[in-house]
Amino acid sequence: MHEKNIVEDVINDFVDNFTETVQKKKNVSFFEQDDTVSSRFNRMFGREKPIHHVLGGGKSADVLLWRNKKISASVLMGATAIWVLFEWINFHFLSLVCYGLLLGMIVQFVWSNASGALNRSSQSGVPRLVLPKDFFADVGVTVGTEVNRGLMFLQDLACRGSLKQFLMAAIGLWLAAMIGSCCNFLTVLYIGFVGAHTMPVLYERYEDEVDGFVDSLLMKFHSHYKKMDTGFLSRIPSGRFGFKKRD
């Protein structure tokens, strides 16, 4: 019953913090907003640089933050078209590749014969697609680096992390497994892609409100975690989660 009351308190605090944030946004004037909200709350994850710099800068950050609306909309529409083809129309990847290659061959065949009929000179003007030699090597190195980084992060949490970090990682993996059981892998990728193309620009627009809300929510969560730690987690022997050094 005590744990149930803690969960109910967390949910109630979440709703109260959301309503208080909305009311503060309505009550604060436009001229007072920059001085009060920006100085009162900390930035999310303790960052001190603009969100454009956090995303890496350059063209990729411009696309995620919709600096060029035509390019960002085209990327999002392309991903949506691919998801619709494979998820709704039940198109197969091998069929898509074969049809793409067939279309490319038809275009090159028509271009070559049309240029030969109109101009009997060399047919070197027909466009050809050639991938760079280091393309697949770079992709493999990038993917391998990110996979190793994720594995090292999880292993460090299991061996050297605190109980709080271990439980948060376990809950995150459990939630990901539940989402994966409800949706296929392509749908999960598409949802993540849409979130990556919508959440940063919304956060940049409502940065102060989101930072203030998350900061107050984390403070409430930390206070409830202390209650749970003193009532339940502190009774668990810490030796089970300790890191043993090897000779």
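Cys182 is exposed, because its relative accessible area amounts to 68%; here buried denotes under 20% relative accessible area, exposed over 50%, and partly exposed the range in between, for a 1.4 Å probe and protein chains only. The structure is a predicted model, in which local features require pLDDT of at least 70 and side-chain atom pairs count only at pLDDT 80 or more, whereas totals for chains, interfaces and linings use all residues. Residues are numbered from 1 along each chain as its sequence is written, and side-chain values use heavy atoms, with hydrogens and water left out.

A search of the whole structure for disulfides, defined as pairs of cysteine sulfur atoms within 2.5 Å, returned zero. Cys182 accordingly takes part in no disulfide, the nearest cysteine sulfur being that of Cys183 at 6.0 Å. For Cys183, the closest cysteine sulfur is the one in Cys182, and the 6.0 Å between them is too far for a bond. Cys183 is partly exposed, with a relative accessible area of 27%.

Most residues other than glycine have a negative phi. Trp66, by contrast, has a positive phi near 60°. Trp66 is placed in the loop between α4 (58-64) and α5 (69-88), where helices are DSSP runs of H or I with at least four residues, strands are runs of E with at least two, and both are numbered from the N terminus. Its relative accessibility of 24% makes Trp66 partly exposed. Asn90, also not a glycine, has a positive phi of about 60° and is located in the loop between α5 and α6 (93-118). With a relative accessible area of 52%, Asn90 is exposed.

Aromatic pairs were assigned to rings of Phe, Tyr and Trp (its six-membered ring) with centres within 6.5 Å, planes under 30 degrees apart being stacked, over 60 edge-to-face and the rest tilted. The count is four aromatic pairs. One of them joins Trp83 and Tyr190, whose ring centres are 4.7 Å apart with planes at 5°, so this pair is stacked. Because Trp83 belongs to helix α5 and Tyr190 to helix α9 (residues 185-205), the pair ties together parts 107 residues apart in sequence. Trp83 is buried at 15% relative accessible area, and Tyr190 is buried at 17%. The rings of Phe91 and Tyr99 form a tilted pair, with centres 6.0 Å apart and planes at 35°. Phe91 is partly exposed at 26%, while Tyr99 is exposed at 54%.
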